[in-house]
Amino acid sequence: MMKKSAPALVRRIPWVLVVFVAALTIPWVGSRYDTFLATQIAISALFAMSLNLLLGTTGLVSFGHVAYFGIGSYVCGILMKTYAVPFSIALPAAAIGSALGALVFGFFCVRLTKIYFAMLTLAFSQIIWAICYKWNDVTGGDQGIPDVPYPNLDWMSSIPLLGDLRIAQQFYVLTLIVVMLSLAAIQRIIASPFGLMLTTIRENPERAASIGLNVRRYELSAFVIAGGFAGIAGALFGIFNRGVFSDFVYWPKSAEVMIMTILGGIDHFWGPVVGAATLVLLNQEITSYTQYWPFVLGTILLLLLFVFPGGIVGGLTTGLEWLRRKTGRRASA
Amino acid sequence: MKMQRLLLGIFAASLVPAAAAAADTIKIGYPMPLSGPASVYGVPVVKGAEMAVSEINASGGVLGRKLELLTRDSKASADEAVRLARELIIKDNVDFLVGTLTSAEAPAVSTIAKENKIVFIAPTSKTVQLTSPANLHPYIFRLASNTDIDGRTGAAIIAGWKDVKRVATIAPDYAYGRDAVTAFVDYIKKARPDIEIVDQQWPKLGQSDFTPFINAQMAKKPDAVFCDVYGGDFVTFAKQAGPLGYFKAINNRMADSGEVGATDEALALGNDYPYGIWSDAYDPVIWPENEPAAHKAFIERLKAYTKEKYASGWAIMGYASIFALTEGIKKAGSTNSDKVAKALLGLSFDTPIGKLTFNEKTHETDMGEFWGQMVKDDRYPFAVMKNPKYLSQGPYTN
């Protein structure tokens with residue numbers, strides 16, 4: 001939620017660009033491992049952000065969002081590994097493939113509401129999983145598609161600074177560009193009249209219908225757009241992970257991305273990004289201390305849902321708002 | 001908006017450099033399934049590796065340096081194994097990778113080994129695809145025999161049953177099962193042209209109800225069955241097939257090349273074990289006659305180390321994997337992966353079940369399988385392999 005009290009200047013700063021520039025420094029100032037984590041965070045952030053287009057913006061609870069992530073990673077992985085198609089074609093193909101998948105499944109899903117909608121999305125994602133798991137000749141079955149090649153990044157070597165990086169770090173830069181462009185696009189979509197209609201539907205679908213909105217068509221559009229962006233995240237992840245596996249499409253991944261989104265806060269644009277970063281870093285830190293990671297995660301979620309129902313960003317916003325009121329206008333600096 | 005600050009803070013927090021690694025130990029990353037159904041085999045393999053490391057360290061280490069084993073739970077998932085392998089390399093700075101259990105994990109980790117130029121030894125993965133010419137690279141090595149050997153040795157056992165004319169197969173529906181059955185069918189058709197393949201069943205991995213597959217197969221009235229169902233699946237399969245009269249119908253003429261001759265499997269099934277079938281094992285563990293002294297001593301040490309009454313047939317793979325690597329390091333006189341990879345080619349090393357040698361072309365050892373009939377033995381509360389016979393790879397390689 002945009003705060004009215006925030007100075008206009010702060011609001012006008014292109015934050016996507018600022019985050020992009022800050023994150024771009026990681027390969028130079030951090031270790032290889034930091035770049036590795038940052039790549040994972042960037043891709044997860046896009047995935048969570050695409051889910052939030054449904055969850056936060058339109059108010060649709062999808063338990064099967066991983067299906068479109070999976071379609072994207074398989075389409076991109078198969079094109080690049082089996083058919084040696086360049087990344088510049090494979091990535092859009094993955095986005096289109098996922099969006100088409102979302103169009104077909106979404107057509108049925110938006111005819112249902114609430115828990116029935118959620119269950120149907122889950123059912124479709126399990127169908128996609130079963131196909132990926134069984135269709136040995138195309139998807140490699142349980143062995144997946146190992147060794148998906150990195151995109152050809154020779155063009156980067158002519159750019160000063162970038163040329164000295166390892167391929168994994170160059171891929172991080174590419175990932176960051178794709179993710180930030182996607183985030184900027186999502187930001188524009190949310191702020192557009194179309195996005196506002198989606199919010200209207202979230203707040204009161206009956207009323208939206210009564211003023212003449214075709215609710216199903218809007219929901220389906222949101223579903224397709226979210227699917228397409230999930231596909232982009234999936235395509236990037238397949239390359240990052242050096243292989244595409246049927247686990248990518250299995251339902252716990254849907255739960256994971258939903259946790260990221262809720263953890264960060266579904267009401268704020270940056271919520272899913274914060275949630276993705278938090279979950280990836282926590283997972284990394286806690287698993288190195290204890291194997292009871294799910295227990296820790298459960299506790300954190302429990303606390304969050306009861307104490308900060310708006311997620312990390314929601315909680316922080318409330319906290320800062322409170323602080324600002326307490327200290328007068330000082331905090332706005 | 002202040003959240004952006006938090007965001008930047010989180011990115012900044014990720015910049016804290018990982019603690020510098022102590023350079024005095026030789027670090028070996030060991031991803032292996034330690035939870036879930038596959039941990040039944042993953043845990044003993046890791047125990048074997050741990051025992052090898054403690055023995056080597058007790059005798060002074062390698063090149064004057066101690067070994068350090070970094071085990072991680074791969075959850076039998078290729079995705080997780082890849083993540084762990086990369087983390088082990090770039091965060092923990094391991095010198096070598098050894099491990100992974102399944103035929104899905106190993107090829108995935110092999111990619112990471114190739115990219116990072118780090119020697120990777122897969123102890124138990126069997127799929128021929130791991131070291132097929134298209135996937136072979138200087139850093140990948142395999143200890144276990146592959147699916148070709150599994151299928152062909154199984155075929156050799158069945159070919160020896162002269163009155164058998166109608167043969168059926170049942171194997172899990174994924175790379176490992178498919179590859180082994182292909183090898184079986186090719187070999188038996190050459191060895192015994194009079195044999196007819198009358199039925200082929202493909203239950204999925206982790207199948208909970210085998211009844212339809214069992215009934216369909218019995219309806220075709222095979223004389224003998226080649227089976228590649230293994231692990232927990234074989235336990236389920238055997239418990240369901242017994243009461244349906246499956247084993248009686250084929251007169252216990254079954255050859256299972258999925259290591260169900262190991263003590264692990266026999267213990268899990270107890271008296272439900274289909275006594276009389278033939279199977280293989282990496283290590284028969286219980287070896288009533290002509291047991292080599294080195295093997296006997298190994299099993300005694302293993303039992304003491306794990307504090308278990310009966311040793312596992314899988315521990316040998318973990319144990320040997322560490323010795324293979326350390327012999328390579330010794331021969332190379334270095335922990336540089338390029339040098340160790342070269343040293344491993346053609347290298348021979350001793351194991352409790354005999355000398356093994358890495359083939360220079362295929363990067364696989366010449367390890368065979370112990371085959372024998374699984375019988376009831378009054379000294380043990382479970383099935384035991386009678387006269388384990390070591391089928392070396394020799395006659396069964398390409």
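## What makes an aromatic pair

Before meeting the rings, here is the rule behind them: rings of Phe, Tyr and Trp (its six-membered ring) pair if their centres lie within 6.5 Å. Planes under 30 degrees apart count as stacked, and planes over 60 degrees apart as edge-to-face. Please keep in mind throughout that this is a predicted model.

With that rule in hand, A:Tyr33, A:Phe36, A:Phe47, A:Phe69, A:Phe237, A:Phe240, A:Phe245 and A:Phe248 form one aromatic cluster. Over all chains, the structure holds 42 aromatic pairs.

## A stacked pair in chain A

How are the rings of A:Tyr33 and A:Phe36 arranged? Their centres are 5.8 Å apart and their planes meet at 20 degrees; an angle under 30 degrees counts as stacked, so this pair is stacked.

Both residues sit in helix H4 of chain A, which covers residues 32–58. They are three residues apart there, about one turn of the helix.

## An edge-to-face pair in chain B

The rings of B:Trp287 and B:Phe370 have centres 5.0 Å apart, with planes at 75 degrees. Because that angle is over 60 degrees, the pair is edge-to-face.

Where do the two partners lie? B:Trp287 is in the loop between strand S10 (278–281) and helix H11 (293–306) of chain B, while B:Phe370 is in strand S13 (residues 369–376) of chain B. The pair therefore ties together parts that are 83 residues apart in sequence. B:Trp287 is buried, with a relative accessible area of 11%, and B:Phe370 is buried as well, with 2%.

## Chain A as a whole

A compact globule of 333 residues would have a radius of gyration near 20 Å, and chain A has 20 Å, so the two agree. Along the principal axes, its C-alpha trace spans about 60 × 50 × 40 Å.

Of the 333 residues in chain A, 53% count as buried. Take the contacts between residues at least 6 apart in sequence: 74% of them in chain A join residues at least 24 apart. The chain exposes about 15,100 Å², and carbon and sulfur atoms supply 69% of that.

## Chain B as a whole

What secondary structure does chain B have? Here there are 13 helices and 14 strands. For its 398 residues, a compact globule would have a radius of gyration near 21 Å; chain B has 22 Å, which agrees. Taken along the principal axes, the C-alpha atoms fill a box of roughly 70 × 60 × 40 Å.

In chain B, 60% of the 398 residues count as buried. Among its contacts between residues at least 6 apart in sequence, 67% join residues at least 24 apart. The accessible surface of chain B comes to about 14,800 Å², with 53% belonging to carbon and sulfur atoms. Chain B carries 44 positive and 45 negative side chains, and the centres of these two sets lie 2 Å apart.

Methods. Residues are numbered from 1 along each chain as its sequence is written. Chains are lettered from A and ligands numbered from 1 in the order in which they are written. This is a predicted model: local features need pLDDT of at least 70, side-chain atom pairs count only at pLDDT 80 or more; totals for chains, interfaces and linings use all residues. Side-chain values use heavy atoms; hydrogens and water are left out. The radius of gyration is taken over C-alpha atoms; the globule rule is 2.2 Å times the number of residues to the power 0.38. Buried means under 20% relative accessible area, exposed over 50%, partly exposed in between (1.4 Å probe, protein chains only). Contact means heavy atoms within 4.5 Å. Accessible areas come from the Shrake-Rupley method with a 1.4 Å probe; for residues, only the protein chains shown count as cover. Helices (H or I, at least four residues) and strands (E, at least two) are DSSP runs, numbered from the N terminus. Lys and Arg count as positive and Asp and Glu as negative; His and the chain ends are not counted. The place of a charge is taken as NZ of Lys, CZ of Arg, CG of Asp or CD of Glu.
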